[in-house]
There are 4 protein chains.
Amino acid sequence: MTTNTTKIRTFETEPLVIAGVTFSSRLFLGTGKYSSSAAMRESIAASGSQLVTVALRRVRTDGGVDDILDHIDRERCRLLPNTSGVRDAKEAVLAAELAREAMETNWVKLEIHPDPKYLMPDPVETLLATRELVKRGFVVLPYVHADPVLCKQLEEAGAAAVMPLGAPIGSNRGLETRAFLEIILAQARVPVVIDAGLGAPSHAAAALEMGADAVLVNTAIAAASDPVGMGAAFRKAVEAGRLGYEAGLAARGAELRAVATSPLTAFLSEV
Amino acid sequence: MTTNTTKIRTFETEPLVIAGVTFSSRLFLGTGKYSSSAAMRESIAASGSQLVTVALRRVRTDGGVDDILDHIDRERCRLLPNTSGVRDAKEAVLAAELAREAMETNWVKLEIHPDPKYLMPDPVETLLATRELVKRGFVVLPYVHADPVLCKQLEEAGAAAVMPLGAPIGSNRGLETRAFLEIILAQARVPVVIDAGLGAPSHAAAALEMGADAVLVNTAIAAASDPVGMGAAFRKAVEAGRLGYEAGLAARGAELRAVATSPLTAFLSEV
Amino acid sequence: MTTNTTKIRTFETEPLVIAGVTFSSRLFLGTGKYSSSAAMRESIAASGSQLVTVALRRVRTDGGVDDILDHIDRERCRLLPNTSGVRDAKEAVLAAELAREAMETNWVKLEIHPDPKYLMPDPVETLLATRELVKRGFVVLPYVHADPVLCKQLEEAGAAAVMPLGAPIGSNRGLETRAFLEIILAQARVPVVIDAGLGAPSHAAAALEMGADAVLVNTAIAAASDPVGMGAAFRKAVEAGRLGYEAGLAARGAELRAVATSPLTAFLSEV
Amino acid sequence: MTTNTTKIRTFETEPLVIAGVTFSSRLFLGTGKYSSSAAMRESIAASGSQLVTVALRRVRTDGGVDDILDHIDRERCRLLPNTSGVRDAKEAVLAAELAREAMETNWVKLEIHPDPKYLMPDPVETLLATRELVKRGFVVLPYVHADPVLCKQLEEAGAAAVMPLGAPIGSNRGLETRAFLEIILAQARVPVVIDAGLGAPSHAAAALEMGADAVLVNTAIAAASDPVGMGAAFRKAVEAGRLGYEAGLAARGAELRAVATSPLTAFLSEV
């Protein structure tokens, strides 16, 4: 019976696998800009995220861990140290090594931005650092421009995933790189995580709808009036986008001229 | 303890009230274009919708009900007959009266489109018909262009809600009328339901994020490869959009220049 | 010889005809918001416009003409009085009659906006007023929402052209109503003039490229740092857009995958 | 007298200087995809372009020149050989050297795209090749992704200009990289030429309006129904965009709420 069928469906989507680790949530979170650690902790919980990125800068350098790590439930969330603040490959490798020791994980989000103003990633140094870090046994997720050639090269260099940006970081402008993300997604054989610029749940949904494997969000949640509610909103949006992708979106614009319906007129005049 | 706080939050959003009736779902559905009645039934169930619109045309005229109504669970879903196919106010009023009798509801989605090609609504006849139908005791939800002046006049004429279009019907192009919807939302004292053109879960989320009270979706769900999965996707997207709206989106574009972070350099050189 | 052919071409475009009057310029201008009458006069000259609209409000009511009219070269420019400030059809007809007397022209740009905040046009009253003014012998150019049904009805009511808006007036946001303008242009048998919201020369060019017959610009020119230079810029943009339209634009997005070129590699290895 | 002032203004815009060479035209042209050499020659003439790019591939390798060069008026147009078809820096340098010999110019448009499908540029090899070519005395104009960090590095490596792309090549989609071009333009100390994806005169105008120094167009002109007319259209559009830029565009969206005008009502009731 069809009614039973309806009940059976749980609308679970395909899980995401990065470097052999399975994630049921496709929403990754940043940990900057929260007003308090409590807000951060509850927001992460509400978001259902299983991967959060933490700047090495925010971890104590005496080998112990900073307060921030106490607020992340490592049972549910994997830590993804990031190298934010480094300016070249050499610094990035050093930062990754320190992070590996301090946070006890060989995963690293590679961010190299020589310019402190716009925090745009450096393509050349990122490729160099990826090669070196892979050699050193890291699971590398590089944050880069939505550059199809570079993303392919990073994949070939052994990156576990690529993280092209959707819009300038912190801009909340959404998928401004859509035309290039389409090419990146068509070519990629590793997961593609859209990072930066996603400013609303609908932006995250749109990223998943177009086939992105996951999104990383920070400002839009941390800077919301209610970061916990916003975490929950993004959770649903990401699930919606992935479900929509798997359910097969109808073509856009295909049908500008609406299907002509039979006018009701004949019908009415028969009454 | 904050952990408890987290558990207490259910992320339920404010319910929607139209003409005294409360809806916990802000997703309304159309019933056209489904490949089968079973697909429609399951899709509606998956969507969580509590209001579905049915063309009078599809109801049998012998006073009995058509097969389509057998597939709508009227315990969970309110019927919203629509006047699709009529060309002017006079036909609309006649169709509404027939629908009231056949479907046993005084709610009506008023659609008047003289042109069978693009199915664009007629502003003048819609205003006339609204006035007449309100006088006759109908709960009127007119489908109109995203015209701020007309929406205000329909409200003053007694419409229970207004249903401005987001994009040409069936186009799946999303919120192309955004600039005008912003004005409509700023002015409205009745619920605003965005109808037509929403082609992806992310479009629905975006409508709710900007403050729309609900959306009506048909083609995007009915014509998806998996209409049931897509119904579930839209459900989550609408919940995400509303949650995002209530949680207070951060400003868009406000921060094109990323917040300058302290470089990691000094830190690294101290190591 | 082809070289001669090149010299012969003047790249003049098809002239625009409204109500039997031929315009070689497809750029119409508003006269509000200029910092001085001199700026306005020079800006109009630089723009090459042959039709400028003037609010009745700005003309003296003693039957004589206001200062503003002294600054418009009526040899080169036709006056188009507008009814800006009226709230309904009745006031519009009265204003049009006054304008006909004061400005000695039976042309009128019909603007009815009951709401002083957004200056959005009233569809119902505009249709009523158009019918009445046509009956009274006016050449009527109604300013309306980009509503395909309404535009068709205005044409049937005898409007000499229709003036759908591109974006909220004064917003400089460009062709936000594009999806609807496409339908209006596909259906229209009178000239279509895009009015309001065009904030840059590129917006005007885009309007002409999609087949609009003309554009009306005010804020973007009058409020520019250099209104005279901006008048010249819009002149060229409008000519460019029309030329582009006549020369047949290549399809957009048709070729996302670039034409594969033969690699130079083989060639290089032969060297 | 102000009338005289009007006549004096010629609306000439600031010339563009690249590597000491002055261009009065800011429109650069490609030479591919034309249906005939005659169409190309006339189209270039109509466009007013003073710089056209030619693939080395299309020049005969016996040291003599190919037919294509006979159709370019080198009195009016500077040749810009491009390295289209090479896959890495080494091939690019070889191609540039051959081009310098064959076309007798040390200018080169550096294009390195390892992928023949999308023709996307390679950031790492482009930077390497730029360094080498500058060392060898070339005037280098690299074609790259709209990557702010890379553009800055190319400038530091001695590039005479940078040529970030607007959209995927041949896509005619316009300024899809706008958010990143804004950053590139804000940072650049060498001319910025937007290349690729500009599909309509309005796109070219928009590029100039935002401060781009020039644009390079090929497909949109060569594949137009009337390439000569389209060349003229782009010429005007580029002039319009530059004029608009110099005249100071009014802010966009600044004024969503239209300036409230005094209603005409009081005035009318006094009549």
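This is a predicted model: local features need pLDDT of at least 70, side-chain atom pairs count only at pLDDT 80 or more; totals for chains, interfaces and linings use all residues.
**Figure 1. Chain A, the setting for the next close-up.** Chain A has 271 residues, and 63% of them count as buried. Take the contacts in chain A with a separation of 6 or more: 65% of them link residues 24 or more positions apart.

Figure 2. Is Glu155(A) buried or exposed? Its relative accessible area is 15%, so Glu155(A) is buried, given that the label applies under 20%. Leaving out residues up to four places away in sequence, Glu155(A) touches Gln187(A), Ala188(A), Arg189(A) and Val190(A).

**Figure 3. Helix 4 against helix 5 in chain B.** Two packed helices are described by the angle between their axes and the distance between the axes. In chain B, the axes of helix 4 (residues 89-103) and helix 5 (residues 123-135) come within 8 Å and cross at roughly 40 degrees. Helix 4 and helix 5 of chain B are therefore oblique to each other, and their crossing is right-handed. On the helix 4 side of chain B, the residues in contact are Ala89(B), Ala92(B), Val93(B) and Ala96(B). They meet Glu125(B), Leu128(B), Ala129(B), Glu132(B) and Leu133(B) from helix 5 of chain B. Sorted by class, this contact has 7 nonpolar, no polar and 2 charged residues.

**Figure 4. Helix 4 against helix 5 in chain D.** Now for chain D: the axes of helix 4 (residues 89-103) and helix 5 (residues 123-135) cross at roughly 40 degrees and come within 8 Å. That makes helix 4 of chain D oblique to helix 5 of chain D. The crossing of these two chain D helices is right-handed. Helix 4 of chain D brings Ala89(D), Ala92(D), Val93(D) and Ala96(D) to the contact, while helix 5 of chain D brings Glu125(D), Leu128(D), Ala129(D), Glu132(D) and Leu133(D). How many nonpolar, polar and charged residues does the contact of helix 4 with helix 5 of chain D have? By class, there are 7 nonpolar, no polar and 2 charged residues.

Note on methods:
Residues are numbered from 1 along each chain as its sequence is written. Chains are lettered from A and ligands numbered from 1 in the order in which they are written. Side-chain values use heavy atoms; hydrogens and water are left out. Buried means under 20% relative accessible area, exposed over 50%, partly exposed in between (1.4 Å probe, protein chains only). Contact means heavy atoms within 4.5 Å. Axes are lines fitted to C-alpha atoms, for helices over the stretch in contact, and angles run from 0 to 180 degrees between N-to-C directions. Helices (H or I, at least four residues) and strands (E, at least two) are DSSP runs, numbered from the N terminus. Angles under 35 degrees count as roughly parallel, over 145 as roughly antiparallel, 65 to 115 as roughly perpendicular and the rest as oblique. A crossing is left-handed if the near helix is turned anticlockwise from the far one by less than a right angle, and right-handed if clockwise. Ala, Val, Leu, Ile, Met, Phe, Trp, Tyr, Cys and Pro count as nonpolar, Asp, Glu, Lys and Arg as charged, and the others, Gly among them, as polar.
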